[in-house]
Amino acid sequence: MLNRTMVITLERFILEQEALQPDDRGELTNLLYDIALGAKLIASQIRRAGLVNIVGTAAAVNVQGEEQQKLDVYANETLQNALNHTGRVCAMASEEDEGLIPIPAGYSPGRYAVMFDPLDGSSNIDVNAPVGTIFAITHRLSSEGQGTERDVLQPGTELVAAGYVIYGSSVMMVYSTGNGVHGFTLDPTIGEFLLSHENITTPRTGKYYSVNESNFGRWSSAVQRAVRGFHGDDPARIKGKNSRYIGSLVADFHRNLIAGGVYLYPADLKNVHGKLRLLYECNPMAFLAEAAGGKATDGSRRILEIQPTSLHQRTPLVIGSAEDVDYVSTVIAEIEGRP
Ligand code: AFP
């Protein structure tokens with residue numbers, strides 16, 4: 001008989017998955033759980049975002065008399081504090097910090113390096129639109145002590161796990177260790193992430209395309225041609241799509257992952273290498289897209305095969321349903337005269 005009170009928590013699910021990765025000795029499980037804890041703390045602050053000013057200046061200044069921090073600073077510190085003392089992490093890199101973040105004195109460095117964008121899409125906070133936290137995890141390459149940039153500057157093919165948390169109408173954590181993509185929704189009444197979307201697979205082709213079209217005149221003619229295809233101008237090869245763009249990668253990616261579609265942030269005359277960061281945004285999302293049956297390229301190369309050379313390297317990104325991503329690569333190759 002169906003057990004109606006049975007729920008699968010994030011902890012239980014990743015513990016069961018861990019049996020599939022025996023060499024990780026439970027550390028990856030705990031690391032994902034540390035990230036989930038950080039995300040719950042961030043979620044609770046985001047929920048209060050509009051209230052700080054209503055509650056008044058007393059709430060904007062904490063007991064030490066410090067000014068209320070901006071949410072992206074808060075999210076960055078919260079994640080670092082959730083990870084830096086556990087003995088599981090040798091170094092961190094964040095979109096908010098210029099250099100590598102070492103493990104504080106007194107704590108032992110561990111086997112993993114973690115990269116994150118603590119609050120992606122933070123310009124959306126003021127208008128109550130969804131934002132997110134994105135993360136990626138690698139095994140360290142250095143042998144001991146504090147981690148080095150080498151541990152972090154690994155191609156996405158070396159990731160052992162990646163995921164994001166979306167702070168939307170509900171809070172969801174979506175992650176993969178390469179073995180399926182799984183989504184958990186935070187039940188605020190019990191403070192637990194519960195399995196809500198097991199084995200997410202993205203449709204081969206999607207309904208939506210997501211791109212900041214105000215950049216149209218600054219794109220290469222190849223990118224313009226591909227986007228016109230999504231408008232419906234190339235019906236022999238691709239069906240026209242609906243446009244959806246929030247301007248928050250996590251939210252745009254999440255919708256397209258579930259419903260099918262393609263997100264683009266191409267290079268343009270202002271952002272000659274694209275806008276998004278390889279380590280904190282593109283690699284983790286590419287890892288998830290591929291684990292869900294989708295694809296991610298920079299217009300020609302597979303994102304996960306790009307060798308990073310610096311912490312804040314940017315890359316163009318085309319990500320989502322496999323046939324839609326392939327369409328963009330094909331059009332770009334044709335116009336640029338590549339095979
Ligand atoms: P912010 O974190 O500065 O809001 O940037 C968000 C982001 O990195 C990504 O989440 C969006 O998809 C993209 O930038 C939006 O950029 P445009 O505003 O140029 O469209």
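Tutor: Let us begin with handedness: a crossing is called left-handed if the near helix is turned anticlockwise from the far one by less than a right angle, and right-handed if clockwise. This is a predicted model, in which local features need pLDDT of at least 70 and side-chain atom pairs count only at pLDDT 80 or more, while totals for chains, interfaces and linings use all residues. Residues are numbered from 1 along each chain as its sequence is written, and side-chain values use heavy atoms, with hydrogens and water left out. Helices (H or I, at least four residues) and strands (E, at least two) are DSSP runs, numbered from the N terminus.

Student: Which hand does the crossing of H1 and H2 have?

Tutor: By that criterion, the crossing of H1 and H2 is right-handed.

Student: What makes H1 roughly antiparallel to H2?

Tutor: Axes are lines fitted to C-alpha atoms, for helices over the stretch in contact, and angles run from 0 to 180 degrees between N-to-C directions. Helix H1 (residues 10-18) and helix H2 (residues 27-47) pack at an angle of about 160°, their axes being 9 Å apart. That angle makes H1 roughly antiparallel to H2, because angles over 145 degrees count as roughly antiparallel, under 35 as roughly parallel, 65 to 115 as roughly perpendicular and the rest as oblique. The contact (heavy atoms within 4.5 Å) involves Leu 10, Glu 11, Ile 14, Leu 15 and Glu 18 of H1, together with Thr 29, Leu 32, Tyr 33 and Ala 36 of H2.

Student: Why is H7 called oblique to H10?

Tutor: The axes of helix H7 (residues 221-233) and helix H10 (residues 322-336) come within 8 Å and cross at roughly 140°. H7 is therefore oblique to H10, and H7 passes H10 in a right-handed crossing.

Student: How do the residues of the contact of H7 with H10 divide by class?

Tutor: They divide into nine nonpolar, two polar and three charged, where Ala, Val, Leu, Ile, Met, Phe, Trp, Tyr, Cys and Pro count as nonpolar, Asp, Glu, Lys and Arg as charged, and the others, Gly among them, as polar. Among the contributors are Arg 225 and Phe 230 of H7 and Asp 324 and Val 331 of H10.

Student: What makes S1 and S7 the edges of their sheet?

Tutor: Two strands pair if DSSP finds at least two bridges between them. The open sheet of seven strands has the order S1-S2-S3-S4-S5-S6-S7, with mixed pairing. Strand S1 (89-94) and strand S7 (192-197) each have a single partner strand, so one side of each is left without a neighbour in the sheet.
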